[in-house]
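Here is a short report on one protein model.

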Amino acid sequence: MTTLTENQTSAMTALIKSCLSDMGGSTLDNLQADPFTWVNVGDLIDAGWTRKEAEGTFGSLIASGHIYDAEDDMYALTDDWDELSKFHA
């Protein structure tokens, strides 16, 4: 995968936190056990990005392969757990 900017790295951290919060987990092990790691632009807006910033950042994370279009306008985090571990604090 490509190296991310500081903004993209912050966004991935926020998206992982959002997934964990939504499913009641606290570790990546919890996410690995959850088949639905759904994310969307609203998760970044909730974390402090403006809509325009969130849309641009989200699009760049799709382009980098860190998130992907899953179905019906739903997106999922990559299932590369080694990569995701870089963003989980």
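## A buried alanine

A54 is found in helix 4 (helices are DSSP runs of H or I of at least four residues, strands are runs of E of at least two, both numbered from the N terminus). A54 has a relative accessible area of 0% and is buried. The classes are buried under 20% relative accessible area, exposed over 50% and partly exposed in between, with a 1.4 Å probe and protein chains only.

What does A54 touch, leaving aside its neighbours within four places in sequence? A54 is in contact with V41, L44, I45 and W49, where contact means heavy atoms within 4.5 Å. G42 sits 12 residues away from A54 along the chain, and their C-alpha atoms are 7.8 Å apart.

## Basis of the values

The model is predicted: local features need pLDDT of at least 70, side-chain atom pairs count only at pLDDT 80 or more, and totals for chains, interfaces and linings use all residues. Residues are numbered from 1 along each chain as its sequence is written, and side-chain values use heavy atoms, with hydrogens and water left out.

## Salt bridges

The whole structure holds two salt bridges (a side-chain nitrogen of Lys or Arg within 4 Å of a carboxyl oxygen of Asp or Glu). One pairs R51 with E55, with 3.6 Å between the closest N and O atoms. Both residues lie in helix 4, residues 51-64, four residues apart, about one turn of the helix. E55 is partly exposed at 43% relative accessibility.

K86 pairs with E83, and here the closest N and O atoms are 2.8 Å apart. K86 is exposed, at 59% relative accessible area. E83 is buried, at 8%.

## Overall fold

The protein has five helices and three strands. Their order along the sequence is α-α-β-α-α-β-β-α. The radius of gyration is 12 Å, close to the 12 Å that the globule rule gives for 89 residues, so the protein is as compact as a globular protein of that length. That radius is taken over C-alpha atoms, and the rule is 2.2 Å times the number of residues to the power 0.38. The C-alpha trace spans about 30 × 25 × 25 Å along its principal axes.

Of the 89 residues, 37% count as buried. Among contacts with a separation of 6 or more, 58% join residues 24 or more positions apart.
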